[in-house]
Amino acid sequence: MTNEATQPVVELLHARKSFGDNEVLKDISLTVKEGDVLSIIGPSGGGKSTLLRCLTLLETLDSGDLRYGDIEVTHTNEAGRAVYGNKAVLKEARSRFGLVFQNFNLFPHYTVLKNVIDAPISVQHRPKDEAEALGRELLAKMGLAGKESMVPCELSGGQQQRVAIARALALNPAVLFFDEPTSALDPELTRDVLQVIRELAAEHMTMVIVTHEMNFARDVADQLIFMDGGVIVESGRAVDVISNPQHERTKAFLSNYEA
């Protein structure tokens with residue numbers, strides 16, 4: 001890899017977030033470089049989804065520094081508070097990432113193709129024919145060729161999630177975030193969605209994946225973070241953390257997933 005290829009795509013330093021008196025993120029730092037796949041695991045209530053929501057600007061940090069490449073989204077001022085960039089900065093930051101939710105979040109009244117191409121046309125102002133060609137190409141890549149004119153309720157949950165992935169990819173993001181992308185799916189549909197993510201990893205798509213699929217995390221992720229109680233308890237190479245955890249809390253958590 002070139003030096004350019006290993007530059008941080010996402011960088012978060014000393015992030016804190018509270019809801020009232022409940023401190024949900026306690027001094028969280030992470031770096032994701034181009035082509036890396038980072039998995040975030042941990043128990044419910046450990047802070048994983050809040051971390052993802054802060055990274056994708058759905059929640060605001062109380063303090064901490066967040067960068068997308070050369071864009072400084074937030075910095076911490078002398079009073080210890082996070083100061084966000086202006087609207088133009090935030091708009092540019094949002095163009096750098098895509099987000100795939102647990103429950104698909106497709107527009108129910110749009111066709112599959114319109115779900116995929118709506119943002120490229122309305123946000124990026126791409127020509128409609130160009131966006132449609134891209135949308136059809138991405139849907140074919142997701143195994144959904146021939147379903148362009150269907151609406152979401154006509155698809156299985158796994159197919160809807162693959163439409164959501166195509167929609168996220170249509171904006172050509174620098175990094176894709178996944179928040180428990182298979183938690184609403186049965187095992188067979190889960191396998192289909194995870195296969196799509198495996199293929200993206202093989203193409204060196206930069207990804208951050210909150211997941212409870214431990215075997216998938218071990219096999220696909222480069223790096224892994226185990227979060228509990230709002231802190232990073234353990235981090236390292238995914239295969240090392242899952243196969244040989246060093247921290248007692250990590251061992252206890254992973255023991256629930258042993259075959």
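Trainee: Which residues in helix 3 meet helix 5, and which residues in helix 5 do they meet?
Mentor: Bear in mind that this is a predicted model. In helix 3 the residues are Val112, Asn115 and Val116, and in helix 5 they meet Val163, Ala166 and Arg167. By class, this contact of helix 3 with helix 5 divides into four nonpolar residues, one polar and one charged.

Trainee: What makes helix 3 roughly parallel to helix 5?
Mentor: The axes of helix 3 and helix 5 cross at roughly 25 degrees and come within 8 Å. Angles under 35 degrees count as roughly parallel, and that makes helix 3 roughly parallel to helix 5. The crossing in which helix 3 passes helix 5 is right-handed.

Trainee: Why is helix 3 called oblique to helix 4?
Mentor: Helix 3 (residues 112–122) and helix 4 (residues 128–141) pack at about 130 degrees, with their axes 9 Å apart. An angle over 145 would count as roughly antiparallel and 65 to 115 as roughly perpendicular, with the rest oblique. The angle between the two therefore makes helix 3 oblique to helix 4. Helix 3 passes helix 4 in a right-handed crossing.

Trainee: Which residues make that contact of helix 3 with helix 4?
Mentor: Helix 3 brings Val112, Leu113, Val116, Ile117, Pro120 and Ile121, while helix 4 brings Lys128, Ala131, Glu132, Gly135, Arg136 and Leu139. Sorted by class, the contact has eight nonpolar, one polar and three charged residues.

Trainee: How do you know that glutamine 161 is buried?
Mentor: Buried means under 20% relative accessible area. Glutamine 161 has 0% relative accessibility, so it counts as buried. Glutamine 161 has its place in helix 5 (residues 157–169). Leaving aside residues up to four places away in sequence, glutamine 161 touches Val100, Phe101, Gln102, Phe104, Pro181 and Val193.

Trainee: What makes helix 1 largely enclosed by the rest of the structure?
Mentor: Six of the eight residues of helix 1 are buried, so helix 1 is largely enclosed. The buried residues are Lys48, Thr50, Leu51, Leu52, Cys54 and Leu55. After helix 1 comes leucine 57, with a positive phi near 65 degrees.

Trainee: Where does helix 1 lie?
Mentor: Helix 1 (residues 48–55) lies across strand 3, strand 7, strand 8 (175–179), strand 9 (207–210) and strand 10, and runs at about 145 degrees to strand 8. Helix 6 (residues 187–202) lies across strand 3, strand 8 and strand 9, at about 150 degrees to strand 9.

Trainee: Why are strand 7 and strand 11 said to stand at the edges?
Mentor: The sheet is an open one of six strands in the order 7-8-9-3-10-11, with mixed pairing. Strand 7 (97–100) and strand 11 (231–237) each have a single partner strand, so one side of each is left without a neighbour in the sheet. From one strand to the next, the twist averages 15 degrees.

Trainee: How do you know that strand 3 and strand 10 pair?
Mentor: Two strands pair if there are at least two bridges between them. Four bridges join strand 3 (residues 37–41) to strand 10 (residues 223–228), and the two run parallel. One example is isoleucine 40, whose bridge partner in strand 10 is isoleucine 225.

Trainee: What is the strand order of the sheet of five strands, and which strands stand at its edges?
Mentor: This open sheet has the order 2-1-4-5-6, with antiparallel pairing. Helix 2 (residues 87–94) lies across strand 4 (63–68), strand 5 (71–76) and strand 6, running at about 120 degrees to strand 5.

Trainee: How many bridges join strand 1 to strand 2?
Mentor: Nine bridges join strand 1 (residues 8–19) to strand 2, and the two run antiparallel. Proline 8 has lysine 33 as its bridge partner in strand 2, and lysine 17 stands opposite leucine 25. Strand 1 and strand 2 form a hairpin with two residues between them, and glycine 20 in the turn has a positive phi of about 65 degrees.

Notes: Residues are numbered from 1 along each chain as its sequence is written. This is a predicted model: local features need pLDDT of at least 70, side-chain atom pairs count only at pLDDT 80 or more; totals for chains, interfaces and linings use all residues. Side-chain values use heavy atoms; hydrogens and water are left out. Axes are lines fitted to C-alpha atoms, for helices over the stretch in contact, and angles run from 0 to 180 degrees between N-to-C directions. A crossing is left-handed if the near helix is turned anticlockwise from the far one by less than a right angle, and right-handed if clockwise. Contact means heavy atoms within 4.5 Å. Ala, Val, Leu, Ile, Met, Phe, Trp, Tyr, Cys and Pro count as nonpolar, Asp, Glu, Lys and Arg as charged, and the others, Gly among them, as polar. Buried means under 20% relative accessible area, exposed over 50%, partly exposed in between (1.4 Å probe, protein chains only).
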